[in-house]
Amino acid sequence: MNGRVETSALRPAQPPATELVEVALTEPLDRVTVDELGAVLDRVLALRPARLVIDLTDCAHVDAAGISLLLDAHRRMWSLSGRLILRGPSPRLRRLFHVARVDQVLHVVAAPPRAGTRAVADPGAAGSPAERHG
């Protein structure tokens, strides 16, 4: 290989067609539900969003198949010059993401306080290293 890049293979990035799409998960993200969410994400990514937020506030469990789907969605958003954001995972899910080391890649943020609740300082609220470093 000569180290040259053929410019005909490079295409200018298309601007996002949609600024923001939010998907809220209310069931566990596991091998049973991963195909259903995968189909939803296929439709969402066809919109070329600048940001895709997956709300995990009401998602009690994520297994290896779910993590794989989230990493694939992150890769696909990256290829669209977009950003995947995981919002509101429980402390248990945050720990899982940390142990699996996907918090080094995925952008994880705390959920905003729900109406009628008081915000409490969360030592983990600073988010993932990916969040702190861009």
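Mentor: Start with a pocket: on a 1 Å grid over the protein atoms alone, it is an open set of points where a 1.4 Å probe fits, with protein on both sides within 12 Å along at least five of seven lines, and lining residues have an atom within 4 Å of a point. Here the second largest pocket is lined by V23, A24, L25, T26, E27, P28, L29, T33, E36, L37 and V40. The elements giving two or more residues to that lining are β1 and α1. This is a predicted model, in which local features need pLDDT of at least 70 and side-chain atom pairs count only at pLDDT 80 or more, while totals for chains, interfaces and linings use all residues. Residues are numbered from 1 along each chain as its sequence is written, and side-chain values use heavy atoms, with hydrogens and water left out.

Trainee: Which element gives the most to the lining of the second largest pocket?

Mentor: Helices (H or I, at least four residues) and strands (E, at least two) are DSSP runs, numbered from the N terminus. Helix α1 gives the most, with three residues.

Trainee: How much space lies in the second largest pocket, in Å³?

Mentor: A volume is the space filled by probe spheres set on the grid points, which are joined across faces, edges and corners. For this pocket the value is about 200 Å³.

Trainee: What classes of residue does the lining have?

Mentor: Ala, Val, Leu, Ile, Met, Phe, Trp, Tyr, Cys and Pro count as nonpolar, Asp, Glu, Lys and Arg as charged, and the others, Gly among them, as polar. The lining has seven nonpolar, two polar and two charged residues.

Trainee: What pattern does the chain follow along the sequence?

Mentor: The chain has four helices and four strands, and their order is β-α-β-α-β-α-β-α.

Trainee: In which sense do β1 and β2 pair?

Mentor: Two strands pair if DSSP finds at least two bridges between them. Strand β1 (residues 18–24) and β2 are parallel, over six bridges. In this pairing V23 stands opposite I54, and E22 stands opposite V53. A crossover is right-handed if, with the strands pointing away from the viewer, the path from the first strand over the helix to the second runs clockwise. The β-α-β crossover from β1 through α1 (residues 34–45) to β2 is right-handed.

Trainee: How many bridges join β2 and β3?

Mentor: Five, again in the parallel sense, with β3 spanning residues 83–87. I54 stands opposite L86 in β3. The chain goes from β2 through helix α2 (residues 64–79) to β3, in a right-handed β-α-β crossover.

Trainee: Is strand β2 mostly covered or mostly exposed?

Mentor: Buried means under 20% relative accessible area, exposed over 50%, and partly exposed in between (1.4 Å probe, protein chains only). In β2 (residues 49–55), six of the seven residues are buried, so the strand is mostly covered.

Trainee: Why does H74 count as buried?

Mentor: H74 lies in helix α2, and it counts as buried because its relative accessibility is 19%. Contact means heavy atoms within 4.5 Å. Leaving aside neighbours within four places in sequence, H74 is in contact with L84, V105 and L106.
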